[in-house]
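Here are my notes for a first look at this structure. Keep the model open while you go through the points.

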Amino acid sequence: MGFHVENLEIQYGRHKALDDVTLRFESGALGLLGPNGAGKSSLLRALLGFVRPTRGTVSVLGQRLAGDMRPLRRRIGYHPEDDVQFPGMNGLSAVALCGELSGLPRSDALQRAHEILYFVGLGEARYRPADSYSQGMRQRLKLAQALVHDPELLILDEPTNGLDPRGRQEMLDLVRELAHEKGINLILSSHLLPDVERVCDQVALLHRGTLVRSGHLDELLRSRHLTFHVRVKGPLEAFEAALLADGASCDHTPRGLLEVRTPAAGAQLVFDAARQSACQIRQITPVRESLTEMFASSVTGGAHADS
Amino acid sequence: MPIHDVSYQRWQGRRTDVPPAFIMAMAQLRLAIRRRVVRIVLLLSGLFVVAFIGMLYVETTPEDSAVAVLKQVPFIRLDSTSMLRFLTWQRMLHYVLCLAAGVGYIARDRRAKAVQLYLARPVRVQDYILGKGLPLAVLLSVTTWVPALILILLKCLATASLEWLTQEPWLPLSILAYSALLVVSLVSLTLAISSLTTSPIMAAVMLASFFLFVPLLAELFRALTRNDTWQVLSMQASLEQLCHWLFDARLPHDFSPWSALFALALLTTVCLLFLMRRVRAVDIVGGG
C-alpha cells in the first residue's frame with residue numbers, strides 16, 4: 001500500500017492547512033493537484049513525518065506514522081520543492097551521501113550514484129560542484145538523490161519547476177518510466193495539470209485544505225458527463241429538440257459538428273434522439289474531458305460550495 | 001544532452017546500520033580538510049608538536065651529547081607544566097578552527113536548505129547535530145589530546161621507562177578531561193551560533209564577538225564590583241581555570257574551578273537545547 005490518511009487535519013497556528021482529508025493510495029502514480037496553498041505540501045510533509053497532524057491518522061507503506069520514522073524513511077524517496085542541495089559537494093558526492101544515509105554500503109552508494117546520475121542525464125556533470133548546476137540540473141540532481149536508494153515510494157514535489165519545455169518533457173518521461181515501467185509507486189504534487197495527466201493514473205484534487213475529488217483519472221473524467229461530437233443527416237432542429245428533451249445539452253463546434261453532452265445514459269441517448277427525430281447518424285465520436293476542465297469545474301464547484 | 005544514458009536499475013543489496021552521524025561527519029570532514037585555512041591551522045598545530053618532539057629529544061639525549069647543553073634551559077622538559085603550556089598555546093588555533101570550519105556547518109546547510117534533505121532520510125535531529133559536531137570535535141581533538149598523548153607515548157618510548165609517569169600518573173587523564181571539556185563546550189557553542197543565521201560570515205562574526213566581548217564584559221563587571229567571580233562568565237577564563245586545576249598548577253583566577261565547571265556545563269546544555277529547537281523548526285515547518 002502506498003499510503004492512507006484518515007480525517008487528517010494539520011494546523012499551523014490558526015491556519016488550517018488540511019481539514020478532514022481522507023485519502024487512500026494503493027499503488028501506481030498518484031497526482032496531487034491543487035492551486036498554491038491548497039495543502040499539497042502539507043500533505044507530503046505529513047506523509048514524511050515532518051509535521052504532526054492535529055487530528056487524524058497517517059499510514060505510509062502499511063506502517064502507521066508514530067515514534068521512530070527511520071525504518072520508513074529508508075523506503076521513501078523525497079524530491080523537495082525547494083532548491084535544496086548539500087553545500088560544497090559535487091553531484092556524485094551529494095547523491096552518494098544520500099544513498100549512504102539511507103543505508104546503502106559506501107561502495108554500493110557510490111556505484112548507484114554513478115548509475116543514477118547517468119539515468120537522470122547528469123553523467124557528464126557528476127564531478128562538477130552542485131552549486132554550479134543550472135536550475136534544470138538541480139531538479140535532476142534532486143531526483144537522483146530521491147532515487148539512489150531504490151525507494152518503494154517516491155514523493156515528487158513540483159519536479160518540473162523551473163525547467164525549460166525540453167527539460168520538462170525529459171523529466172516527465174523519466175518519471176513516467178519509473179511509474180509505468182519500473183513499478184515504483186509515486187506521488188507527484190504539481191499545479192501543472194498536463195504534467196499530472198501525462199504521468200499519473202490516479203489524482204487527488206485539493207482546494208483550500210480539503211479534498212475535492214480523488215480516484216482513477218479515467219473514471220473521474222468519464223464519470224462527470226459523456227460528451228460526443230455528432231454529425232447527422234436529417235432534421236437537425238428536431239434532433240436537437242429530442243436531445244434537450246432527454247436531458248442532454250448541445251453546442252455547435254466550429255468544424256460543423258454538434259457537441260452533445262449527455263447525462264449518464266451516454267451514447268444510447270444520442271441514438272434514441274436520432275430515432276425519434278428520424279435522423280441518420282453519420283459520425284459519433286466520444287470526447288474526453290481534459291483534466292484542466294475537470295479541475296476548473298471541481299474548484300469552481302468547491303468555491304461555490306464555500307460561498 | 002540525452003537523458004537516457006542507462007535505464008533505471010533496482011538495487012538488490014543489503015542495507016547497513018552505519019550511524020548516520022558518522023556518515024555525515026565523514027562527508028563533512030572530507031569537505032573541511034579541503035579548506036586551505038583548516039589545513040594551515042592543522043599545519044601550525046603540527047609545528048607545535050614538532051617543537052615539543054624537539055624538546056623531548058633534547059630531554060632524553062645522553063649527557064655527553066652536543067645538544068645536552070640545552071637541557072639547562074628551564075622549560076625543555078616534558079611534564080605536566082609543559083603539557084599545560086602545549087595545550088594553552090594551541091587555544092588560539094582552536095578558536096580559529098571554530099571560526100574557519102565549524103561555525104559554517106549549520107549556517108551553510110540552512111542557506112542551502114539542506115536540513116530537510118538530511119531529515120527526509122533516516123536521520124533524527126540528534127543525529128544531525130552529532131553529525132555536524134563530530135567533524136569539529138575531530139579537528140579539535142587533532143590539536144589537543146591526540147598530539148598530547150602521542151608526546152607522552154614518545155617520551156615513554158624514548159626513556160624506555162614509565163618511571164617519570166608514575167610521578168604524575170594523572171597526566172593522561174587530565175589531558176583527556178581538559179580536552180573533553182574544551183571540545184564539548186566549543187562544539188556546542190559553535191553549532192548553536194551557526195544555527196542562528198544562514199550566513200557563515202555572519203555566524204563567524206557572532207562567534208568572534210562572543211570570544212572577544214564576553215570576556216571584556218566579564219572584566220568590566222569584575223572591575224565595577226571588585227569581585228573576581230564575574231570572570232566565570234568568560235568561557236576562556238573558565239577553561240583556563242579548569243585547565244590549571246586539572247594540571248595541578250597555580251590557579252590564574254580567583255574563583256572556584258567548580259563554578260567554572262558549572263558555567264561550562266550550563267553553557268553547553270543551553271546551546272544543545274537551543275540547537276534541538278532550531279534544527280527542528282528551521283526549514284521543515286513552513287507555510288501550507
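1. Start with burial in chain A: 47% of its 307 residues are buried. A residue counts as buried if 20 or more other C-beta atoms lie within 10 Å of its own, as exposed if 12 or fewer do, and as partly exposed in between, with C-beta atoms placed from the backbone. Bear in mind that this is a predicted model, where local features need pLDDT of at least 70 and side-chain atom pairs count only at pLDDT 80 or more, while totals for chains, interfaces and linings use all residues. Residues are numbered from 1 along each chain as its sequence is written, and chains are lettered from A and ligands numbered from 1 in the order in which they are written.

2. On the overall layout, chain A has eleven helices and 14 strands; these are DSSP runs numbered from the N terminus, helices being H or I with at least four residues and strands E with at least two. The C-alpha trace of chain A spans about 75 × 45 × 30 Å along its principal axes.

3. Which domains does the assignment give for chain A? You get domain 1 (3-220) and domain 2 (225-288), with bounds from an automatic or database domain assignment. Taken over C-alpha atoms, the centres of these two domains of chain A are 44 Å apart.

4. Now the hairpin in chain A. Strand 1 (residues 3-12) and strand 2 (residues 15-25) of chain A pair in the antiparallel sense over seven bridges; pairing takes at least two DSSP bridges. A:V5 sits opposite A:L23 in strand 2. Two residues lie between the strands, and A:G13 in this hairpin has a positive phi near 65°.

5. Most residues other than glycine have a negative phi. A:R208, which is not a glycine, has a positive phi of about 50°. You'll find A:R208 in the loop between strand 9 (202-207) and strand 10 (210-216) of chain A. Why is A:R208 partly exposed? Because it has 19 C-beta neighbours inside 10 Å.

6. B:K113 also deserves a look: its phi is positive, near 55°. B:K113 lies in the loop between helix 4 (105-111) and helix 5 (114-119) of chain B. With 17 other C-beta atoms within 10 Å, B:K113 is partly exposed.

7. Finally, helix 6 (residues 125-142) and helix 9 (residues 171-194) of chain B pack at an angle of about 135°, their axes 9 Å apart. Axes here are lines fitted to C-alpha atoms over the stretch in contact, and angles run from 0 to 180 degrees between N-to-C directions.
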